[in-house]
Amino acid sequence: MIHIVMVEPEIPANTGNISRTAAVTGAKLHLIKPLGFDISEKAVKRAGLDYWDMLDIEIHESLEDYISKYGLNNTYLATTKAKNRYSDVKYDFSEDIFLMFGKETKGLPEDLIKNNMEKAIRIPMGKGLRSLNLSNSVAIIVYEVLRQMDFRGFRRGFKLFLILQIPHIL
């Protein structure tokens with residue numbers, strides 16, 4: 001299972017979009033307080049409303065509470081400060097995969113990154129550009145993990161059948 005871990009998210013629309021990504025990919029969403037909004041706000045639900053009832057979500061009171069429950073095994077920290085590109089990592093599918101993202105304005109705590117640099121991953125970007133939108137970053141990395149899993153459990157595509165009607169000529 002993939003777990004999307006959001007540490008202190010601040011923007012409700014981002015969290016709504018991330019909840020939609022979690023629902024359609026079957027990932028569990030973890031929200032770590034403090035949150036910059038109330039999850040019952042319209043802004044959060046508007047972005048993910050039609051999938052909100054299908055979401056597997058868990059709220060944690062603090063990062064420390066989350067770590068005491070789940071630890072950091074098989075956790076990948078998304079940060080612009082990492083040396084490892086997200087696409088170069090070979091994710092370990094023998095256990096659950098946890099993808100951790102920080103708040104929009106500051107990212108993940110510096111000490112957390114420093115103490116776990118071998119599990120820190122980044123999305124390459126042009127020089128001088130700060131970062132991608134958080135919900136886009138989550139989608140990019142989640143779908144890379146799914147790609148490496150060969151999209152196990154997902155539909156391969158669809159078949160298109162064309163039916164031609166040929167009028168009878170009298």
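In strand β3, I59 is the bridge partner of L31. Strands are DSSP runs of E with at least two residues, helices are runs of H or I with at least four, and both are numbered from the N terminus. The model is predicted: local features need pLDDT of at least 70, side-chain atom pairs count only at pLDDT 80 or more, and totals for chains, interfaces and linings use all residues. Residues are numbered from 1 along each chain as its sequence is written, and side-chain values use heavy atoms, with hydrogens and water left out.

Strand β2 (residues 28–32) pairs with β3 in the parallel sense over five bridges. Pairing requires at least two bridges found by DSSP between two strands. Seven strands form an open sheet with parallel pairing, in the order β3-β2-β1-β6-β4-β7-β5. Its edge strands, β3 (56–60) and β5 (84–85), each pair on one side only.

Helix α1 (residues 12–25) packs on the sheet and touches β1 (2–7) and β2. Its direction makes about 150° with that of β2. Such angles run from 0 to 180 degrees between N-to-C directions, with axes fitted to C-alpha atoms, for helices over the stretch in contact. Helix α5 (residues 134–148) also packs on the sheet, touching β1, β4 (75–78), β6 (97–101) and β7 (120–122). The direction of α5 makes about 160° with that of β6.

T15 lies in helix α1. T15 is buried, at 1% relative accessible area. Buried means under 20%, exposed over 50% and partly exposed in between (1.4 Å probe, protein chains only). Beyond its neighbours within four places in sequence, T15 contacts P9, L31 and F37; contact means heavy atoms within 4.5 Å. I140 belongs to helix α5. I140 is partly exposed, at 31% relative accessibility.
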